[in-house]
Amino acid sequence: MKLELGIIKICDMQFGPESKIEGSTVFVNKEELQKIILEDEHLVSCEIDIAKPGESTRIIPVKDVIEPRVKVDGKGGVFPGWMSKVETVGTGRTNVLKGAAVVTTGKIVGFQEGIIDMSGEGAKYTPFSALNNLVLCLEPVEGTLQYAYEKSVRLAGLKAATYLGELAREIEAEEVRTYETPTLIEGIKLYPELPRVGYVLMLQSQGLLHDTYVYGVDIKHSLTTMIFPTETMDGAIISGNCVSACDKNTTYHHLNNPVIEDLFAQHGKTLNFVGVIITNENVYLADKERSSDWSAKLCAFLGLDGVIISQEGFGNPDTDLIMNCKKIEAKGIKTVIITDEYAGRDGASQSLADADVAADAVVTGGNANTVIQLPKMDKIIGHIESVNVIAGGWDGSLRPDGTIEAELQVITGATNEMGFNRFSAR
Amino acid sequence: MIRIVHYINQFYAGKGGEEMANLPPEKIEGFVGPGMAFNAGFKGEAEIVATVYCGDSYFNENEGAVDVVMGLIKEENPDIVICGPAFNAGRYGVACGTVAAAVREQLEIPSITGMYEENPGVDMFKSKTIIVKTRNSAAGMRDAVKSMVPLTLKLAKGEELGTPAAEGYFSTGIRKGLFEEKRGSQRAVDMLLKKLAGEPFETEYPMPQFDRVDPSPAIADLASATIALVTSGGIVPKGNPDHIESSSASRYGKYDIEGVDALSGATEETAHGGYDPVAANLDPNRVLPVDVLRDMEKEGIIGKLHRYYYTTVGNGTAVASAKKYAEAIGKELIADGVQAVILTST
Amino acid sequence: MVKEIEKTGIPVVHMCTVVPISLTVGANRIVPTIAIPHPLGNPALPEAEEKALRRGLVTKALKALQTPVDKQTVFEE
């Protein structure tokens, strides 16, 4: 399966009478987009704002971040199961607005939504401070159940991203990146000497607003299965997820999965990137056992030599992570796991809820309990008072002068467990 | 000028080897032994004002030893205390770790020591002080001093240390944040490639040690049980026929004691090089209680004393080796129908 | 060594002087002994008394072997 990504560099974002891309600037007709978003009966209002790198702007509580993309050639369309039919994606060409994102915020849904600061201390920890963000602040019709509201917000983000993506449909990208996965047989013939490497992508599926969708399917109802890496680049996996802000995989992360990118970079050189196994993190022990059994079984079936396992969330998913690691290692397949840590504010506690000697190769995205100080921002998009209730904040996190003291947990994407960032711990 | 007190054992103080291991704590002004290299390394930025030393056996066998040592250290009003390095000497490592931890706890000043990774003092004290990684013997003294000097200065000045990997010390278990050069996914791919190639790699989070074995069930009927004796105390037939090394043993011995009522200084000795051998050589039952067990066998308290005893030398022996010997011994014991083991260590 | 033998299912009692090390390395049944160079003896005692001391320690070890434990246990008395 082969996909080309047409990279369209976006360096600025402005409102204008006509939505379009000119050079590296996106112009957005606010009213037109608002109208599309407000077709949803559960939403009463949609404020649209722009947050640019370096500004004194704080977005809170952030629900999801989505990169605008559009399928310009090949089967299906982006975000299959939501914005397109469920036809298999991952082939042809997709244009990407690199440097732009849609960010959704609004009244808090769960306790686990986060902060994006566009400058200052907090900006260092989130990759989204470097993007030109179109921020949708979405408020529900009174009486809307939180599940319905979550879904509406999720879809609003996808709609806006698709809307922006469409602006790039006719643009011929200057930079094109090609990703190709051969079939199993071709791969063996092409790279008989290279180690066969796979990727086990763990998806949050705890229910209660902690879910991930694949082609529209709630992954908690799925057995462990496989996906071509290029399918993820077309939005086959989206986040419906309110786990702790720092280590939830936003839809942006799924579209730009760094493990997939870095394995592709080595594909055919030092390793043979065979494929991606997606597995869930359910709340029942039997599900955890079954799903991890299946991960290990598929790894063995594919004849893999090595596997990278990435986690999402923390706490009981640590057990899923360790089960996957242990069972895959038991098949004689070498693993590296990517996780993050909850080692306490002083860093002295045990970092993970579970452990096993088989997990001898660990990459960490840092200690989410680290206390950080955030300066006051001139502009707030969303609801600043949520900082006192989101995971990582506490009553009094927001000081009267507008500064914030909270745990790193509150920063969206700060300790990402796909290894998106450079932040770590020792 | 940074004031330093150095803690060492009787051997490095030049007071003698195992025969002097019972020496109580003493103090001299200035430095002695390894302190000379340290002092030179500080190039005038810091000075060893006094050296406290104590016999390793004395320190480990006398609960009050640490208090005496602490008293001697406190009088000097130091800014930091250096202990050892202890390399792979187990008792010395425990002494260094105990002193270094007490310095931090009681005097609230920094301390530093150095050990080989398999020194039991590492696991016991790495969370309580800074333990620099050293080689397994005093041949690594130069390297040890070289890595300990800059860390000592940083600690004394209250500066932040780099990562354990970069600065060469054992992780204290206190997790500290940092920004890496490469993103996590890239580090994961690099690590996996190394692991696949069988090359050394450094995990970013060593799993906590849950390396525990479930206790085996108790023996139900002692009067019919076969009990085997195993020791890491190095008791061997006189002349050490299998040439078990006095340190870093590369083998273990299996010796027949059928019909032997008691071990004796005439027929047995210790090959262990890590403790004063006099008592054990005079009466090897002090390490391996064959005499008592034989009596108990005759009295019907135990069913049988196993015909063979197993022995090796624990001194400086790599954990991996000890593990290998024990696996082999365990298999034989099972095959021979042994029900329980008394393992003695010195 | 203790652990590897215990893995076979045979109970092991570790008789040693430096108990913290035994705890760190993971012995499950531990009987503290007299001194490092003479764990099961004391050269300062008359022969008969020394042997009685040793018998006392071995008795303690046998008791440990007959005692079911579910975690690391030091048999002080």
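Predicted model: local features only at pLDDT ≥ 70, side-chain atom pairs only at ≥ 80, totals over all residues.
Reader: Which residues are buried in α3(C)?

Author: Residues are numbered from 1 along each chain as its sequence is written, and chains are lettered from A and ligands numbered from 1 in the order in which they are written. Buried means under 20% relative accessible area, exposed over 50%, and partly exposed sits in between (1.4 Å probe, protein chains only). In α3(C), the buried residues are Glu50(C), Arg54(C), Leu57(C), Val58(C), Lys60(C), Ala61(C), Leu62(C), Ala64(C) and Leu65(C).

Reader: And what do the buried residues of α3(C) pack against?

Author: Elements here are DSSP runs numbered from the N terminus: helices are H or I with at least four residues, strands are E with at least two. From chain C, the buried face of α3(C) meets β1 (12–16) and β2 (29–32). From chain B, its partners are β8 (226–231), α10 (290–298) and β13 (340–344).

Reader: How far does helix α3 of chain C reach from its first C-alpha to its last?

Author: The helix covers residues 47–65, which gives 19 residues. The expected span (1.5 Å times one less than the number of residues) is 27 Å here, and the model comes close to that. First C-alpha to last, α3(C) reaches 27 Å.

Reader: Let's talk charges. How many salt bridges are there over all chains?

Author: Side chains of opposite charge can pair when their charged atoms come close. The cut-off for a salt bridge is a side-chain nitrogen of Lys or Arg within 4 Å of a carboxyl oxygen of Asp or Glu. Searching the whole structure turns up 53.

Reader: Are Lys71(A) and Asp234(A) buried or exposed?

Author: These two side chains form a salt bridge at 2.8 Å, N to O. The pair spans 163 residues of sequence, from strand β8 (residues 69–73) of chain A to the loop between α4 (229–233) and β18 (237–241). Lys71(A) has a relative accessible area of 6% and Asp234(A) has 0%, so Lys71(A) and Asp234(A) are both buried.

Reader: How many residues apart in sequence are Glu75(B) and Lys27(B)?

Author: Their side chains meet in a salt bridge at 2.6 Å, N to O. Glu75(B) lies in the loop between α3 (65–74) and β4 (80–87) of chain B and Lys27(B) in strand β2 (residues 26–29), so the pair ties together parts that are 48 residues apart.

Reader: Which residues join into one network through salt bridges that share partners?

Author: The network takes in residues of chain A and chain B. Its members are Arg426(A), Glu180(B), Arg187(B) and Glu204(B).

Reader: Leaving aside neighbours within four places in sequence, which residues is Asn324(A) in contact with?

Author: Asn324(A) sits in helix α8 (residues 316–330) of chain A and is buried, with a relative accessible area of 2%. Contact means heavy atoms within 4.5 Å. On that basis, Asn324(A) touches Met202(A), Thr279(A), Ser291(A), Ser292(A), Ser295(A) and Ile309(A).

Technical notes:
Heavy atoms only, no water.
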